[in-house]
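This report is for a reader who meets the structure for the first time.

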Amino acid sequence: WSGRKIVWSQRDRCCGLQDIDDKWLHEGDIVQAVDGPWWRKRTRWLILCDVQLGWSALRLGRAGRNRIMDEQSMCAHRWRWAGFGWLPPA
C-alpha cells in the first residue's frame, strides 16, 4: 500500500439498491433473489442501466430469450450480491 491517490477514468453507476448485506448494488453486478422458492433463488440477474428503461435486471430465460425485470419490480425484491457481470461499452 503506497498511499498514492488512485487515478481512474470511469465510475460504476449505483442503482440505489442495497443487498441484504447492506452493500450498494451497481451496474454490471450479478444478483440473486433471497426470498421465494428455491428455483428463484438460483436465478442470477445482471443489473443494467438503459437511457429509455432506467434501471433494470436481465437474465437468460427459457429457449434463450432474455427476461427483463423493471426498476419497480427490482425494488420489490431482496437481493444478494453474487458477482460481477459485464458492462456494455460506454
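Two strands pair if DSSP finds at least two bridges between them. The model described here is predicted. In it, strand β5 (residues 54-60) and strand β6 are joined by five bridges and run antiparallel. Because two bridges are enough for a pair, β5 and β6, with five bridges, count as paired. Within this pair, Leu-58 stands opposite Ile-68, a residue of β6.

**The sheet**

The pair belongs to an open sheet of five strands, ordered β6-β5-β4-β3-β7, with antiparallel pairing. At its edges lie β6 (66-70) and β7 (79-84), each of which pairs on one side only. On average, neighbouring strands of this sheet are turned by 40° against each other, direction ignored. In general, the strands of a sheet pair through backbone hydrogen bonds, in either a parallel or an antiparallel way.

**The whole protein**

How many helices and strands does the protein have? Its secondary structure comes to two helices and seven strands. Along the sequence, these elements follow the pattern β-β-β-α-β-β-β-α-β.

The protein has 90 residues, of which 29% count as buried. Its accessible surface comes to about 7,300 Å², and carbon and sulfur atoms account for 51% of that surface. Among contacts between residues at least 6 apart in sequence, 41% join residues at least 24 apart.

**Two loop residues**

Asp-22 and Glu-27 both sit in loops: Asp-22 lies between β1 (14-18) and β2, and Glu-27 lies between β2 (24-26) and β3 (29-33). The table gives their accessibility.

| Residue | Relative accessible area | Class |
|---|---|---|
| Asp-22 | 58% | exposed |
| Glu-27 | 8% | buried |

Why does Glu-27 count as buried? Buried means under 20% relative accessible area, and Glu-27 counts as buried because its relative accessibility is 8%. The side chain of Glu-27 reaches the backbone nitrogen of Cys-49 at 3.3 Å.

Asp-22 is exposed, because its relative accessible area is 58% and the cut-off for exposed is over 50%. The backbone of Asp-22 has a phi near 65°, which is a positive value in a residue other than glycine.

Terms used. Residues are numbered from 1 along each chain as its sequence is written. This is a predicted model: local features need pLDDT of at least 70, side-chain atom pairs count only at pLDDT 80 or more; totals for chains, interfaces and linings use all residues. Side-chain values use heavy atoms; hydrogens and water are left out. Helices (H or I, at least four residues) and strands (E, at least two) are DSSP runs, numbered from the N terminus. Buried means under 20% relative accessible area, exposed over 50%, partly exposed in between (1.4 Å probe, protein chains only). Contact means heavy atoms within 4.5 Å. Accessible areas come from the Shrake-Rupley method with a 1.4 Å probe; for residues, only the protein chains shown count as cover. A polar contact is a pair of N or O atoms within 3.5 Å; within protein, one must be able to donate a hydrogen and the other to accept it, and residues adjacent in sequence count only if both atoms are side-chain atoms. Axes are lines fitted to C-alpha atoms, for helices over the stretch in contact, and angles run from 0 to 180 degrees between N-to-C directions.
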